[in-house]
Amino acid sequence: MAESLHAWPFFGSGVLLFVLGLHALVTRPHLLIKVLAFNVMGSGTFMVLLSAAARGSGEPDPVPQALVITGIVVAVSATAVALALMLRLYPILGGAGLPPGPPED
Amino acid sequence: MNPRPLSLLSGGLSALLALLLVSALWDTPVHEGVSASVAGAMGHTGVAHPVTAVLLDFRAYDTLLEMAVVLLAVLATWSLGRCDTLPARPVQGPVMRGGLRHLIPLAVLTGGYLIWAGGAGSGGAFQGGAVLAASGVMWVLAWPRRPDLPAPLGLRVGVTLGVAVFLAIGVAGLPLGPGFMGYPPGWSYGLILTVETAAACSIALSLVLLFLGGRPWRDAEDG
């Protein structure tokens, strides 16, 4: 383990970002915060994957780097669709927050 | 459940998950990954940068599907309805517009350089496209009420260009020998640069259209 300790600050921060995002995703009713929380979780995942790529000796592994840039582009696209959906919900809900309690119908 | 106990419960479970993830990462053995395989295959591709080689050559299929995801996101946004005028309160004064007249050409130059630089170093279609898209978003913010976007057909051709060029070159590999998504030997660099340029243009346009958040034309203009 000793040779790979340089990756641990990034592993730790990535895990922290992931759980902070998860906590906000579960507890905050506002949809914009949920979308942002999902992005924070994704950033944490990318951070862990990139630091894992740099764990071995020598140059960082290029395949996880390529996977992460693919992931970033997909995350940006998904965020855009989520925000567009949120904008359409805004007039229906009278705001961008989910109403408390289960849906009544 | 009340917000406070829910928040405490979620916080506790999140902390537990963090501990589990850290212990899982701690137990993951260190290994070299596939760096050696990529380094060994670099002689078969025309680009010098391993990340670009992985994206556009060794795992080109991934990149094609990624561009299809961007295209799907644009189509999904368009299907939700027409975009609003952005922003609700446009920026006043001449500073932003005057500044953009100088910044946008510079951004186009930087984006173009990043696309070209991807062949040998850090850069590539996505980085270049993102820089171009940023200048496009600034342009939309500075002149929000001027519908200067191309006609619907032009926009559709623009957003599909990257996927279309990539797929055409990929399918052309079938009769020519190297197989689906393969490049004929010696043609690799030129074809990768062509794909990257088309992809960057499509990505830049797609990101600006995603920023608009809806169809930028009226229903009457195009059914």
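**Aromatic pairs and helices of chain B**

Colleague: How many aromatic pairs does the count give over all chains?
Modeller: This is a predicted model, in which local features need pLDDT of at least 70, side-chain atom pairs count only at pLDDT 80 or more, and totals for chains, interfaces and linings use all residues; side-chain values rest on heavy atoms, with hydrogens and water left out. Residues are numbered from 1 along each chain as its sequence is written, while chains are lettered from A and ligands numbered from 1 in the order in which they are written. Rings of Phe, Tyr and Trp (its six-membered ring) pair if their centres lie within 6.5 Å; planes under 30 degrees apart count as stacked, over 60 as edge-to-face and the rest as tilted. By this rule, the number of aromatic pairs over all chains is four.

Colleague: Which residue of chain B does Trp8(A) pair with in a tilted arrangement?
Modeller: The two rings lie 5.0 Å centre to centre, with 55 degrees between the planes. The pair crosses between chains, from helix α1 (residues 8-27) of chain A to helix α1 (residues 3-27) of chain B, where helices (H or I, at least four residues) and strands (E, at least two) are DSSP runs numbered from the N terminus. Trp8(A) is buried at 13% relative accessible area, and its partner in chain B is Trp26(B).

Colleague: Is Trp26(B) buried, partly exposed or exposed?
Modeller: Buried means under 20% relative accessible area, exposed over 50% and partly exposed in between (1.4 Å probe, protein chains only). The relative accessibility of Trp26(B) is 41%. Trp26(B) therefore counts as partly exposed.

Colleague: What angle lies between the planes of Tyr113(B) and Trp116(B)?
Modeller: These residues stand three apart in helix α5 (residues 94-117) of chain B, so they are separated by about one helical turn. Trp116(B) is exposed, at 52% relative accessibility. The pair is tilted, with 6.1 Å centre to centre and a plane angle of 45 degrees.

Colleague: At which residue of α5(B) does the kink lie?
Modeller: α5(B) has 24 residues and reaches 34 Å from its first C-alpha to its last, close to the expected 34 Å; the expected span is 1.5 Å times one less than the number of residues. The bend at a residue is the angle between axes fitted to the seven residues ending there and the seven starting there. The kink is about 35 degrees and comes shortly before Pro105(B), at Arg101(B).

Colleague: Which helices of chain A are among those that cover the buried residues of α1(B)?
Modeller: The buried residues of α1(B) are Ser10(B), Ser14(B), Ala18(B) and Leu25(B). Their cover includes two helices of chain A, namely α1 and α2 (31-53).

Colleague: Which residues of chain A is Ser35(B) in contact with?
Modeller: Ser35(B) is found in helix α2 (residues 35-41) of chain B and is buried, at 18% relative accessibility. Contact means heavy atoms within 4.5 Å. Leaving aside neighbours within four places in sequence, Ser35(B) touches Glu59(A), Pro60(A), Asp61(A) and Pro62(A).

Colleague: What is the radius of gyration of chain B?
Modeller: Chain B has eight helices and zero strands. The radius is taken over C-alpha atoms, and the globule rule is 2.2 Å times the number of residues to the power 0.38. For 223 residues this rule gives 17 Å, and the value for chain B is well over that, so the chain is more spread out than a compact globule: its radius of gyration is 22 Å.
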